[in-house]
Structure formats: structure tokens, C-alpha cells
Protein chains: 2
Amino acid sequence: MFRFLRVNMTTKSCVFEDIPAEYAGLGGRGLTSTIVAREVPPTCTPLGPHNKLVFAPGLLGATNSPNSNRISVGCKSPLTEGIKESNSGGQPGGHLAKLGILAIIVEGMAEEGEWWQLELGKDTAKLVPSPLGGLNNFDAVAKLVETYGKDCSYITIGRAGEFKLTAASIAFTDRELRPMRHAGRGGVGAVMGSKGLKAIIVNPEGGKNHPLHDEQAFREASKRFAKALTEHPVTGKGLAEYGTAVLVNILNEAGGLPTRNFTCGQFEGHEEVSGERMNKLTKERGGEGAVAHGCMSGCIIRCSGLFPDTKGKLISKWPEYETLWCFGPHCGIDDLDLIARFDHMCDDFGVDTIDVGVAVGVAMAGGGIPKGDGKAVLEAMQGISDGTPLGRIIGCGTATTGRVFGVRRVPCVKGQSLPAYDPRAVKGVGVTYATTPMGADHTAGYSVTANILGVGGKVDPLKKEGQIELSRNLQIATASVDSVGLCLFTAFAILDVPDALPAIVDMLNAKFGWSLTGDDVVTLGQRILSTEVDFNRRAGITEAADHLPDFFTDEALPPHNTTFDITHEELKTTFNWIK
Amino acid sequence: MFRFLRVNMTTKSCVFEDIPAEYAGLGGRGLTSTIVAREVPPTCTPLGPHNKLVFAPGLLGATNSPNSNRISVGCKSPLTEGIKESNSGGQPGGHLAKLGILAIIVEGMAEEGEWWQLELGKDTAKLVPSPLGGLNNFDAVAKLVETYGKDCSYITIGRAGEFKLTAASIAFTDRELRPMRHAGRGGVGAVMGSKGLKAIIVNPEGGKNHPLHDEQAFREASKRFAKALTEHPVTGKGLAEYGTAVLVNILNEAGGLPTRNFTCGQFEGHEEVSGERMNKLTKERGGEGAVAHGCMSGCIIRCSGLFPDTKGKLISKWPEYETLWCFGPHCGIDDLDLIARFDHMCDDFGVDTIDVGVAVGVAMAGGGIPKGDGKAVLEAMQGISDGTPLGRIIGCGTATTGRVFGVRRVPCVKGQSLPAYDPRAVKGVGVTYATTPMGADHTAGYSVTANILGVGGKVDPLKKEGQIELSRNLQIATASVDSVGLCLFTAFAILDVPDALPAIVDMLNAKFGWSLTGDDVVTLGQRILSTEVDFNRRAGITEAADHLPDFFTDEALPPHNTTFDITHEELKTTFNWIK
């Protein structure tokens, strides 16, 4: 029942393959990273025919486990030039799993200027010419729904992916067929664009949940896991009520909310762009707005509310904390409605909100966009879809924008922009930014938990002590969570509720007939990270790249006036099991 | 008499320093690379305060040796993120040497937005506020001449350097006080701009030629060297008559003239942009035009003619072959007058003609500039000075332009664009592009000699045999030549006239009282390359970066239909003395 699907864009062949033995026990990120590491020449041009784009649901995909239907996308990144796994919610992950497709491997390249779409159904896969070239995600999905109906789910790229901009994302439709869930980071959309693949249609008809080795044991473990999620204040209530935007006021209070291109850790307009305000406005305005909305089947956390305008019409999903931050405090903008419009533009054009939002603030620092000028940002953003030079610059993300505008203080590691936590005031996440093989990425090892939220223990965010160990353990655990297909937010419960991790292990054992222990989860995480680091080294990305830009060590951040004082030598001990 | 000058842009201090013993025997590139390797943290932000900008004349500076007054500029490159030496003709190299300044080390950083200029005279050095901010090179130098007179020489940056564009150059005035000689490659002008240093005024008054250990021996050796240069057909006649543009027809004939972004090795309009035509038009038009004009005192090769418009007014110096190529065949343009205007714009705004010209052709490939449209190129080029988004993109060079316009076929190695010789038809230079620590650079090991010109032996340009050894030997020799302060074009004579190299060695021995042999020249070259490679490795640039973009191995080049078939593993043997 379980197979890989290999899609060759040069020859247009679609072949189902038995899964080679060496991939046993891998799913999600574990699978995408292992396939990329084995099949992609590490020094190849990321936008050329030798790169491959891999889609993989997680190990617990197509089960009744809560929050387990995420999908991983892997390739060599055109943004970082290293290995990339970017994952997303939405419906396609679960649908692919139900069809028994554990990985789609897209290789080769269509003729330049041609667009194709991949039709997937039970035991069928076919590339057909796509009529969607030139459309952004919302229009593209609308046409796909017209053609293929409401029971399918859709994976698409917008204009940014067509232009092969290095911050281009891949969109996944949510339960209501909106392309609002994205594999955002690392320019995976540019790789899809480079191959000439505009869309994937996933028809789940005839698909089914995976067989379970021990149905009864699975059901019990799944219940325990659901209980843990429901009981924890963050996953049980906080995220549903305020979305990830709950973090705005918390990070501001902690002095770690990077403001105006990382010159201060607090923003005077934080209340205006906070989760509390978003919740209040959503309720007041009503209409198409919604609090506590999930992005995929089986989600019980429901962080993804819907934000209406003053007339009740949907502007966008609730922007994530990172999106609110980069278009808000980072740009000196405190207009929630405007930021929601930027979020919608990112979803529609298909770009990473973080790398583009940070780029906009960096362009402001370099004189390319007037500081704090929302109208100018709207115009610049529209340029992403229109293909203007400025639009293409910011659509290529922060590193390119910093270079073009001659900016010295460019908040990037390995070419990928830092997210919404200043590493001088949240030092554990600074270790993650510096060392993860993904380029700066909070989700790779979310030390904000113990640094700020008091989840999974407490580590003083302003001191260097304990940060490397904290980040190491979280990076290992995250690599496993990303392989299981679980939403990363389940980690809040995993870190605090003693029974949560055993419940996950029990689900895996009950599904596959394995006898994993908690230690095996650690081993799996280490193995994935080792694979990723090894690919990067072969691609030419060494430990020399494992550090933050100079200004984080040179300049003290108000209000705590701390610098990032964990040395490069110390950072090199993070992956202490790798020679 | 001989000292380093250390200029701190943060504190505005200018301090003369005795030369530490470890720098004995080094000049030019040997000195800049060694200072950068010792003093610059390899992972620092190139446009930040930790980078340093080093200027150094060569070992034979301030002597009566022919063609020995070039100047090296070193730093960590914002273009390649590795070590950089870029060198230039013009007057300042000789003037600095006469003042006994063997290296200027510029460090720190002025306040953003401030511009300073450095006044240098006999035993004096002073930073003063510069009134030149916002001016391009020609206007800046005109103002400097007004203030400081015609006996000084000047080092300046244009708007591109002020904008810190990564293809920004540093201009050096020629004998007629025109800022037409440039340290072009690697974005050294952006580093000067990042420091807030707009200009250096070199007043040679009171300076003098260096004392000679054995005056008589020096004079004799110098005569022998001049004889070798005069006797060789290239240095004695060809370059004076046609400039480096003599190569247009030769490379076209060889099928190695990269046309329309490296899709063909021959250009139908080659005659229109050839050295022969440039010579003919220069003679016909008269006026300010000139054949056989030298860029610096002591030059007897005189390759740098002056190109007049139809009314006899100077458009620019004779564009170099590489400039003619990148704005010509590479862009599908065959208008010599237009190309000379582009050359002038590059000189005036202060950008590398190669990285910008190649960028223009790559923008054409990506739809950012209409193909072959000279008028559109003029507008785009003007944008470099005006700071438009498109101008800034191309002003950042080829790699950035390729990224912004989503181009797959981007002819760069280590972020620096390939010059005017297709590595599939001139394979020896392909080895140099791939392996030099400078990023793709023909001058680092000009295998065109034996591959195409029959200088220094013959190695079939289309076969892989012998290319690595050829490039290795030339890279070693070049590192030495760049340290001696000799114009690289002297290499034509060095390779063919048996007495040329002994004459150089004899000049060095006679000047310094050394007892070098030819072998020591090899050892010096190896030592410099080792230092540069080591810096790069510490900066995170490994052997993994020593290869050409995929399309050179994937696509056969007409008319010979050859690919670049020297493997990455083979390329790694180039620096076979480095572990």
C-alpha cells in the first residue's frame, strides 16, 4: 500500500516505487532530508534540473491522532544553498498519506515557460499542462476547484514561485479550500517554479486511514495524547483564543520583540498588533471572522483564527506572531488591518511572510522603502506579483534586500532571515538561529519555551548558561516531531505534560508494531540532524557559518542592554555528537 | 623610510607604523592578502567595522622598472565573502611607494552618512570631512583637483561605492587625472564606502624613488626587462595598437567568445566591437582619441588608448576586451560607441565593468531588461547612479541579478561573474575560474595564453589534458607578479622571452640586496595562495565551492559542442601543495 511517487518533469513520467529498505521508519522531515541527502548533488544549482523537490507526510499521517497531518517539503534551498525542510498544515498532507503516498519526489525540469500540474488519485498520477500560469494562489485554487471539485486538496505556487524568487513559498489548501497554509521558508516555491510545476491536485477518493498494528492500543494512546494537548494551557486554550499572536505582548514585556530592524527589544505600539486585540476585533467585527479555527483535519489546537475587516469580510487568517512582528514592530507599523492585508498578499503571491517582512524592514533601514510607511509597503508588496524590480528584491528575501540596499545590519544566518525573537534577549533561540542546518529558524529549536514561557523548565533568557544544551535538546526533539507529522505546537504539551511523549511513542509502536522508547526518539532526531549537517558540509556550508551577524555581538539591545555573548567556539559544541 | 599607515575611521586617527618583521619581502597582493588574513576576522560582515581595506604598491614600486607601479587593494569581499585582492594601474600606486607608504590599512567605520577624505603627503596623513558625498568619480576628482592641484593623484569611489553595491570599484587617476583605472573586482568600493572614506589624496611632493642596494645591477636588469617587453609582439606592439580588444576576433575565431549569456561561442557582430575597428575609428575620428596610451608612469606597453566620439570628443578610454565582451556579445549588442559609453558610466559611477556587464546580460536572460536593447541598458545603467532598484540590482553584480530575476544559468563562481572566455572552449581558464580563491577571475591564472595565444607553450583549449597544471603554474606566477607591482600584461613576455623572469629576479635582488632565484618566485606565489585559501576556509568557503555552475557541464557550447568536463575531484588537485 505504501509507495513513493517519482515525478520527472523532463520526461513527464510519474512512477510509483516500492520504498527501499533504508527508508524504513522515516517520515516527514526524516524522509525528505534523507532523500535529498542521498539523491541531490550537494553543489548543484538549486534552481536547476539536478535539484529535487520532495513532499512527505509524517509517520502518524492518515491516523486519528490529533494534529498529525502536517506535510514536509524538502530540497536544496535556493535561499540558503543548503538542505531545507519546510513544513505546513492544511489538507494535502493527510490526503497524500491516505493515498499511501509516503513521498513525492519531483525531479528534472520542464521546458522554461511551460507550466504543468500533477493530478493525483488512488493509484494514479499524471502530469498535464496547466492553464494556471500567471495566476496567484487564490485565483489558481478557485480554477482548480472549478475543475476538480471541493473534495480534493491543492498544492500551488503563486507568481513568486513562477518568478523563482528565493523567498517563494508553496501553498496548501486548508479545510475550506483556501491556500492559506504554506511551506514558507527557504524558497521551496522557487524550486517548484523552476521545475515548471504549478500545482498538485490531491484527490483523496478511495484513500483511507493507514492500517494499525494494534488498533486498541493506538486508540488509547491517541486519547492520552489528546488529553495532554487539551490540558495544557497553551495548546488547550491560549493558541485557540489568541493565535500565536499571544506572543506579541509577552515578547515585548520580555524585551525581546525586535523593533525597527533589531535596534530595540520593545515596541511602543505592541498593544495595537497583539493577539488580545486581534481576538477582540475578530469578535466585535463578526462576519467571516472566527476565533479557534483549525487549519487541518484532526487539529484540536485551532490556532488559526480568521480575521475580518470592519465590514466582516475576511482579510486573512489570523496572521502568525512572526508575521505580525515583521510587518509590525520590525517595520514600525502598528496597523493590524494593514498587516493582515500584507499577510493575505504573502499567501496569495506565495512568499514566506518572515523573509519578506524582514526584508521590508531591512529595505527601510537602507532607504529603499520609507520607514514605517504602510502605503509604500503595500505598493512594494504588490510589486512581488507584478514583477517590479523592488518587488522581486523583497520577494527574494532579507539577505538579497540587505545586499541591494547596502545594509550592514542584515539579520540573517546562512542567508535566511531571523524570526521574531531577538537573540540578545532570548539567547537560547539565538543558539538555534546560529546552528540549525536550516538557516535562522525559530521552529528548528524553539528555546522561547524555557527562556520566556516557562514551558519545559526555565533557563534565564539573558544569560549564556544552559542555552546550548537547551537548543540542542529542542533541535533533536523537533527533528523527530517534524518526522512524525505532528504540529510543532504539540511540543508545548510534550515539554510539560509527562505523559505526552510516551503517548506519541505508544501511537508509533501501535501503528507500526515497533518497540520504540523515548531514547529512540532522541536517536532519530540526532540521525536526521547529522544527515542534514553532512549534506550542508558537502554543499560547502561549514561550522564557519554557524554564527550570528556581528551586530548582535557588537551592539547592546535596549532595554536589557545585553549582547549575544555565546561565542562561535561555544556554538560549535551544539551538535556535540557530530565529529 | 618604509612604513605602514593605519587609518582608523572610527577614531579618525592616522598612525605611521614600523613594518613588523613578518611582512619582510612582501608587497602588493602578497602584502594585502597577508594583512587581511592576519587582521580581519574571517567570518565578519564585510561591510562592517571589523573588515579592513588595505592598499599596497608592489615590491618594484617607486623604481625605474617598466610597468611596476600597480597597486593592490585587499579586504574581505562583500561580493564573494572571501579574501579579495583587486589591483589597478594609475598614478597613486607609484606615488604611495615614493612616499615610503608600503601599505595603508583602513579600519573601523565612520558614522553612517558621514564622508571623509584622507590627505596624504610626505610624513603626513590626516582625515578631514569630505565635501564630495553624492558625487561620481569624474566630478569628485574635478573638485579634488581644484582643491589639491594637478600634481597629486586621487583614489575615489563613486555613487556605487557610497551605496555599498557589491560590484562597486575604487577609482585611481591616470596620468591625465582621469579616474579611469579601477580596482574593479570583488566590491572593494563598497568596503571603502562602508567605512565612510570617499577619497584619498596622494601628494607625492618630497617623495622619491626607493634606494637601490645595487644601482648599477638594477639599471642593467631593468634594461633587459624593458627589452623583453619591447621585443614580444604582444607587449611590444599588439596591445598598444589594438588594446586588449585585440582579443575579440581571436576569441570569436576560437569559438570561445561567450555570446548571449554563454549560449554560443561566436558572435555574428564581432567585427563591429573588435580592437581592429576601435583602432580604425580612433584614427579616423582623431580629436581627443589616441592609440598607444599608458595608464601610469613607467608604462611601455601602452594598451590604454582613448576612444573619441564622431566629433572627436573623448567617450572613454578604450574599453578593455572584457568590457567590450560583456556589454557587447554577451548582451547581443554590437555598437562600439554605446559600449564605450557604458564603460564611461562604469568608471564614473565606480563599478566593475565585468560584474555589471555580465549582470546586464543575465538580467536580459531573466526578462529584467529587453534583450539586446542598448537604450534600455543605458537607462538601467543610469539607475546605478540614481539608486533605482534596477540600478542597485545590476550594481550588485551578476549573482544578485541572477537571483532577483530567477535566472538558472548564472555564470558565477564564489559569487563573482565569469569574464570573457567560455570555459568550455578555453578549458584552462575554466580551471582558474573554478579554483582561484578570488572567485571567477581570468587574471588570477590567464590560461588563455597557452590555450589560445600560443604564448608560453600550447595546450589544446578543447581537451582536458594539461589544463590543471597550466592553471596551477599560472596562478602561482600571477600571485608573484601581483606582489611585485608589475602589470599582468608583462606576463606575455615573461612566458615567452627566456630572459624576462631572470631580469625581474635580478631587479628584486638589486633593489633589496636579496639573493632570490626563480624558484623563490614560485615559493612566494604558493605562499600567497596558501594564505588566501586558508582565509577562505576559515571564512567558510571550502573546496566544495571550487567548481563551475552546472550548465557548463550540462550544455555543449557551439560551435565546438564541448562541455566543461574537468571534474570537481580533478579540480581539487589544483592547489596540490595545500593539505
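Is A:D347 buried or exposed, or what does its relative accessibility make it count as? Select A:D347 and find out: at 2% relative accessibility, this residue counts as buried. Here buried means under 20% relative accessible area, exposed over 50%, and partly exposed in between, using a 1.4 Å probe and protein chains only.

Before going on, a word on what you have open. This is a predicted model, where local features need pLDDT of at least 70 and side-chain atom pairs count only at pLDDT 80 or more, while totals for chains, interfaces and linings use all residues. Residues are numbered from 1 along each chain as its sequence is written, chains are lettered from A and ligands numbered from 1 in the order in which they are written, and side-chain values use heavy atoms, with hydrogens and water left out.

**Stop one: the buried pair**

The term stands for a side-chain nitrogen of Lys or Arg within 4 Å of a carboxyl oxygen of Asp or Glu. A:D347 sits in helix α11 (residues 336-349) of chain A and A:K317 in strand β14 (residues 314-317) of chain A, so the pair ties together parts that are 30 residues apart in sequence. Helices (H or I, at least four residues) and strands (E, at least two) are DSSP runs, numbered from the N terminus. A:K317 is buried too, with a relative accessible area of 5%.

**Stop two: out to the exposed side chains**

Next, pick A:E379 and A:K375. This salt bridge has its closest N and O atoms 3.9 Å apart. Both residues lie in helix α13 (residues 374-386) of chain A, four residues apart, about one turn of the helix. A:E379 is exposed at 56% relative accessible area, and A:K375 is exposed at 61%.

Now try A:R38 with A:E22, a salt bridge of 3.1 Å, N to O. A:R38 counts as partly exposed at 46% relative accessibility, as does A:E22 at 39%.

For a network of salt bridges, select A:R6, A:E17, A:E39, A:K52 and A:E107. Over all chains, the structure holds 79 salt bridges.
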